[in-house]
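Let's take a walk through this structure together.

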Amino acid sequence: MSKVILVTGPARSGKSEWAETLAMQSQKAVIYVATATQNSADCEWQQRIQRHQQRRPQNWSTLEVPVELSTTLTEAKANTCILIDSLGTWVANLLFEEEESWENTVQDLLKTIELVTVDMIFVAEETGWGVVPAYPIGRTFRDRLGNLVRRLGAISEAVYLVTGGYVLNLSVLGTPLPAWGKEDKGRWG
């Protein structure tokens, strides 16, 4: 049986560091799945990636997986811990998919998560706490990520919120909303 953990929070809150701590505590071989790709033309982006790389133990494997998360999870070997950082970047990489295609991609990911037998830790950004984006693509991104985080949270063993330098275990402190269903899509989407 796999363990699914979701770590969410705002930018620069420490969510990746907490996810890395949880991965180390698993005492399993860790595969770090980076959904971002390197861009040598963007020095600031490269510096961010390097900070993440320097923080991780040398014995962790790293895969760049901008799109094919389901395939990567399916191919993972038993007794490993997969750390996926981050879902926001993954959503951005697929932002121009049509709505039906996007929903199929999400359904495939959620089904895969429930079927694989490895521990998984997902890092996700909270983008819906601010102003409603003025442009349709920004609203699409925010809504897709928010819906994905909610749905993943519903099947996660533990959900952590990292904010202000503190970690809150929402699975212990909170009360889950009713299960996500297609009938909720219009109401919550």
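Find arginine 151, which sits in helix H6. Helices here are DSSP runs of H or I with at least four residues, strands are runs of E with at least two, and both are numbered from the N terminus. Arginine 151 counts as buried, at 8% relative accessibility; buried means under 20% relative accessible area, exposed means over 50%, and partly exposed lies in between (1.4 Å probe, protein chains only). Its side chain makes a polar contact of 2.8 Å with the side chain of glutamate 103. For a polar contact, an N or O pair must lie within 3.5 Å; within protein, one atom must be able to donate a hydrogen and the other to accept it, and residues adjacent in sequence count only if both atoms are side-chain atoms.

A quick word on the background: this is a predicted model, where local features need pLDDT of at least 70 and side-chain atom pairs count only at pLDDT 80 or more, while totals for chains, interfaces and linings use all residues. Residues are numbered from 1 along each chain as its sequence is written, and side-chain values use heavy atoms, with hydrogens and water left out.

Now step back to the whole chain, which has 8 helices and 7 strands. Of its 189 residues, 41% count as buried. The C-alpha trace spans about 45 × 40 × 35 Å along its principal axes.

So what's inside? The largest nonpolar core has 31 residues, and Leu73, Ile82, Leu87, Trp90, Ile113, Met120 and Phe122 have the most contacts inside it. Such a core is a set of buried Ala, Val, Leu, Ile, Met, Phe, Trp, Tyr and Cys residues joined through side-chain atoms within 4.5 Å. Among the elements giving two or more residues to this core are strand E1 (4-9), helix H5 (99-115) and helix H6 (136-155). A second, separate core has 16 residues, including Ile5, Ala19, Leu22 and Tyr160.

Zoom in on leucine 87: leaving aside neighbours within four places in sequence, its contacts (heavy atoms within 4.5 Å) include Leu69, Phe122, Leu145 and Leu152.

Is cysteine 43 buried or exposed? Cysteine 43 is exposed, with a relative accessible area of 56%, whereas cysteine 81 is buried at 2%. The disulfide count comes to 0, where a disulfide is a pair of cysteine sulfur atoms within 2.5 Å.
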